[in-house]
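Look over the sequence and the fold below before reading on.

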Amino acid sequence: MSSLSIKRVYEEDLSATLPLVQQLMGHKISDALLEARFREMLNQNYESFGIYWEEQLVGVFGLWFMTRHYAGKSCEPDHVYISDAHRGKGLGKQVFQWIYTYARGKGCETSELNSYVSNYPSHKFYLNEGYDILGYHFLKKL
């Protein structure tokens, strides 16, 4: 029997999950700014989740929901992160199976995501999950 559970994170519980997002991003922005952005995101077709193993928070992810002209109704997993100590145990595969089931239940036809260019292990994982590389993600600071 699996000891994995996934729980939705609401605004009042953000402080528990944000340190894991900071680890994923390499602590590039302040905690206060990250929290402010998450609070805003929660009002924009975005849902946040904690990944628990044996009731201990070991990872996080978010889901964006939108309709794309090229993909239909889509779910975009975002900031998917599992702590180093819990990688290689098949949790990622279980989490993504949960995501696909959840997204289908919300009427999604597709899933798409972004991955940091330097995060090679995630690229291999996503390719093994059946994702295709369709393009590049560009960012310009304004």
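Is F49 buried or exposed? In this predicted model, F49 is buried, because its relative accessible area is 3%, and buried means under 20%.

Five strands make up an open sheet, and their order is 1-2-3-4-5. The pairing in this sheet is mixed. Strand 1 (4-9) and strand 5 (110-111) are the edge strands, each pairing on one side only.

Strand 3 (56-68) and strand 4 (residues 72-82) run antiparallel and are joined by nine bridges. A hairpin of three residues leads from strand 3 to strand 4. Across this pairing, F65 stands opposite C75 in strand 4. On its way to strand 5, the pairing of strand 4 is parallel, with two bridges. Here S74 stands opposite T110 in strand 5.

Strand 4 is largely enclosed by the rest of the structure, because eight of its 11 residues are buried.

## Helices across the sheet

Helix 1 (residues 14-25) lies across strand 1, strand 3 and strand 4. The angle between helix 1 and strand 3 is about 85 degrees.

Helix 3 (residues 91-105) lies across strand 1, strand 2 (46-53), strand 3, strand 4 and strand 5. Helix 3 runs at about 35 degrees to strand 3. Together with strand 4 and strand 5, helix 3 makes a right-handed β-α-β unit.

## Aromatic pairs

The whole structure holds 15 aromatic pairs. One of them is formed by F49 and W98, which are edge-to-face, with 5.1 Å from centre to centre and 65 degrees between the planes. F49 belongs to strand 2 and W98 to helix 3, so this pair links distant parts of the chain, 49 residues apart. W98 is partly exposed, with a relative accessible area of 27%.

F61 also forms an edge-to-face pair with W98, at 5.9 Å centre to centre and 65 degrees between the planes. Because F61 lies in strand 3 and W98 in helix 3, the pair ties together parts that are 37 residues apart in sequence. F61 is buried, and its relative accessible area is 0%. F49, F61, F65, W98 and Y102 form one aromatic cluster.

## Charges over rings

Which ring does the charged end of K106 sit over? The ring is that of F65, and the distance to its centre is 5.0 Å. F65 is also one of the residues in the aromatic cluster.

K7 lies over the face of Y52, 4.6 Å from the ring centre.

Terms used:
Residues are numbered from 1 along each chain as its sequence is written. This is a predicted model: local features need pLDDT of at least 70, side-chain atom pairs count only at pLDDT 80 or more; totals for chains, interfaces and linings use all residues. Side-chain values use heavy atoms; hydrogens and water are left out. Two strands pair if DSSP finds at least two bridges between them. Helices (H or I, at least four residues) and strands (E, at least two) are DSSP runs, numbered from the N terminus. Contact means heavy atoms within 4.5 Å. Axes are lines fitted to C-alpha atoms, for helices over the stretch in contact, and angles run from 0 to 180 degrees between N-to-C directions. Buried means under 20% relative accessible area, exposed over 50%, partly exposed in between (1.4 Å probe, protein chains only). A crossover is right-handed if, with the strands pointing away from the viewer, the path from the first strand over the helix to the second runs clockwise. Rings of Phe, Tyr and Trp (its six-membered ring) pair if their centres lie within 6.5 Å; planes under 30 degrees apart count as stacked, over 60 as edge-to-face and the rest as tilted. A charge sits over a ring if NZ of Lys or CZ of Arg is within 6 Å of the ring centre and within 35 degrees of the ring normal.
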